[in-house]
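Please look through the structure below and follow the explanation after it.

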Number of protein chains: 2
Amino acid sequence: MARPGNPKEKILATAARLFYEQGYNATGINQVLEEAGVAKASLYSHFGSKEELGLAYLKEARTAWFAGITAMVEKKKAPVERLLAVFDFLEQQLPQQGFKGCRFINMLAETGDSQPEMQLQVLEHKRKLRKYLHQLLIAVPGQTAAQADTVYLLFEGAIVESKVYRDLWPVKTAKKTVRLLIGQP
Amino acid sequence: MARPGNPKEKILATAARLFYEQGYNATGINQVLEEAGVAKASLYSHFGSKEELGLAYLKEARTAWFAGITAMVEKKKAPVERLLAVFDFLEQQLPQQGFKGCRFINMLAETGDSQPEMQLQVLEHKRKLRKYLHQLLIAVPGQTAAQADTVYLLFEGAIVESKVYRDLWPVKTAKKTVRLLIGQP
DNA sequence: TGTATAATAGACAAATTTGTCTATTATTAA
DNA sequence: TTAATAATAGACAAATTTGTCTATTATACA
């Protein structure tokens with residue numbers, strides 16, 4: 001069960017996988033430790049508590065997620081193509097077995113008002129995404145900020161619904177609508 | 001702690017409240033029983049297991065939710081107003097303290113592939129909603145089914161994001177976009 | 001080499017989880 | 001009234017939860 005990397009990395013990587021696959025509340029510390037092949041004391045010395053581990057998971061997930069989407073966007077040069085590439089990113093994610101939707105939305109559904117730091121992490125992730133989409137939109141000649149939030153809502157709807165239906169149609173529909181909105185044939 | 005109704009109703013009503021407020025996994029059977037003021041054996045004789053109770057919760061939630069949204073829609077006569085009224089329904093829900101987004105999306109985030117019946121309940125709810133919005137749209141003179149899924153995605157995005165931001169702006173934006181899509185001034 | 005640090009295994013605690021079972025008390029219907 | 005049914009309280013089980021603590025072994029550094 002030993003995995004590459006030092007104990008801290010092994011714990012975080014295993015927790016990230018299990019929190020996403022099974023959910024945060026449905027995943028016990030013991031399973032994380034067992035699958036990571038790491039001692040319990042290592043977890044508590046590095047993270048302090050399960051909640052701190054959950055927060056570290058969200059922080060790392062944000063970094064990784066934006067790295068992925070920007071990599072997809074930066075393949076394109078034309079502003080229109082760059083904007084539309086965000087949906088290609090979703091299209092690429094979905095067919096992967098074990099797709100479970102957005103890590104942040106999932107965490108928000110599990111953690112109530114008793115874990116405000118979790119909620120804040122989710123909010124910050126979504127704010128950053130909203131801002132990013134806004135920037136991609138206004139870089140398109142002739143486009144203003146007017147439709148930015150619509151693009152954002154379509155993107156979010158596409159993530160959530162592609163999970164519900166386990167199908168790409170929401171992503172394709174959202175992309176088509178955005179193309180239409182910005183007057184692209 | 002006793003509540004009106006027979007034990008079965010009391011259990012379901014209390015479970016519905018707690019599952020929504022705290023989440024399904026975060027809510028223990030014992031808390032439900034305590035707050036419902038009902039004996040444990042009553043729960044197991046009426047529902048059989050926690051999962052069955054969860055399924056009963058989703059089924060009742062679907063009925064109640066559609067009763068609420070159709071009541072809002074049926075206040076209006078003009079097809080355009082009827083379509084837009086679905087966003088008024090969301091606007092009405094959100095300011096209620098304790099708004100936690102969509103019960104079905106939340107449950108989907110908590111239950112993995114190990115509970116396929118839960119996932120099916122969610123899927124059926126969303127399929128019904130998608131169909132309903134489709135009908136409301138094509139009832140508008142000059143509208144075809146072409147934009148139906150876009151309306152659906154905007155609606156879903158509005159629910160999820162109004163929870164994230166704890167604000168009505170996603171609902172207002174979605175409504176405005178739909179009005180624009182159907183060429184309404 | 002010697003020493004501080006890191007990591008390990010695993011026992012342990014205290015609480016909580018779902019679910020079962022028994023024995024008693026209400027309620028309802030014939 | 002009698003008898004079947006429904007509901008109750010609560011003990012109990014077996015597993016699991018997060019977190020702590022001890023004692024031992026590796027590792028890294030001076």
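DNA strand C is surrounded by 15 residues, and the closest of them are A:Ala41, A:Ser42, B:Gly28, B:Ile29 and B:Lys50. Sorted by class, the surface near DNA strand C has 7 nonpolar, 5 polar and 3 charged residues. The model described here is a predicted one.

DNA strand D also has 15 residues around it, the closest being A:Gly28, A:Ile29, A:Lys50, B:Ala41 and B:Ser42. Here helix H2 (29-36) and helix H3 (40-46) of chain A, along with helix H3 (40-46) of chain B, each supply at least two residues of the surface. The classes near DNA strand D are 7 nonpolar, 5 polar and 3 charged residues.

Next comes the build of a single chain. Chain A contains 9 helices and 0 strands, so read from the N terminus its elements run α-α-α-α-α-α-α-α-α. Its C-alpha atoms fill a box of roughly 60 × 30 × 30 Å along the principal axes. Chain A has 185 residues, and 40% of them count as buried. Among the contacts in chain A with a separation of 6 or more, 58% are between residues 24 or more positions apart.

How are the two protein chains placed relative to each other? A rotation of 180° with 0.0 Å of shift along its axis superposes chain B on chain A, with an RMSD of 0.0 Å. The two copies are therefore related as by a two-fold rotation axis. In chain B, the C-alpha nearest this axis belongs to B:Gly157, at 2.1 Å from it.

The contact between the chains involves 28 residues of chain B and 28 residues of chain A. On the chain B side, at least two residues each come from helix H1 (7-22), helix H6 (103-110), helix H7 (116-138), helix H8 (148-165) and helix H9 (169-181). H8(B) gives the largest share of that side, 10 residues. By class, the side of chain B that touches chain A has 13 nonpolar, 9 polar and 6 charged residues. Of the interface residues of chain B, 100% are also interface residues in chain A, so the copies meet through the same surface.

Within chain B, one pair of helices can be followed in detail. Two packed helices are described by the angle between their axes and the distance between the axes. Helix H5 (residues 79-93) of chain B packs with H9(B) at an angle of about 175°, and their axes are 10 Å apart. Angles over 145 degrees count as roughly antiparallel, and H5(B) and H9(B) are therefore roughly antiparallel to each other. H5(B) contributes B:Leu83, B:Leu84, B:Phe87, B:Leu90 and B:Glu91 to the contact, while H9(B) contributes B:Val171, B:Ala174, B:Lys175, B:Val178 and B:Arg179. By class, this contact has 7 nonpolar, no polar and 3 charged residues.

With 16 other C-beta atoms within 10 Å, B:Lys8 is partly exposed. B:Lys8 and B:Arg166 are 158 residues apart in sequence, and their C-alpha atoms are 34 Å apart in space.

Note on methods: Residues are numbered from 1 along each chain as its sequence is written. Chains are lettered from A and ligands numbered from 1 in the order in which they are written. This is a predicted model: local features need pLDDT of at least 70, side-chain atom pairs count only at pLDDT 80 or more; totals for chains, interfaces and linings use all residues. Copies are superposed by least squares on the C-alpha atoms of residues with pLDDT of at least 70 in both. Two residues are in contact if their C-beta atoms, placed from the backbone, lie within 7 Å. Helices (H or I, at least four residues) and strands (E, at least two) are DSSP runs, numbered from the N terminus. Ala, Val, Leu, Ile, Met, Phe, Trp, Tyr, Cys and Pro count as nonpolar, Asp, Glu, Lys and Arg as charged, and the others, Gly among them, as polar. Axes are lines fitted to C-alpha atoms, for helices over the stretch in contact, and angles run from 0 to 180 degrees between N-to-C directions. Angles under 35 degrees count as roughly parallel, over 145 as roughly antiparallel, 65 to 115 as roughly perpendicular and the rest as oblique. A residue is buried if 20 or more other C-beta atoms lie within 10 Å of its own, exposed if 12 or fewer, and partly exposed in between; C-beta atoms are placed from the backbone. A residue is near a molecule or strand if its C-beta atom, placed from the backbone, lies within 6 Å of it.
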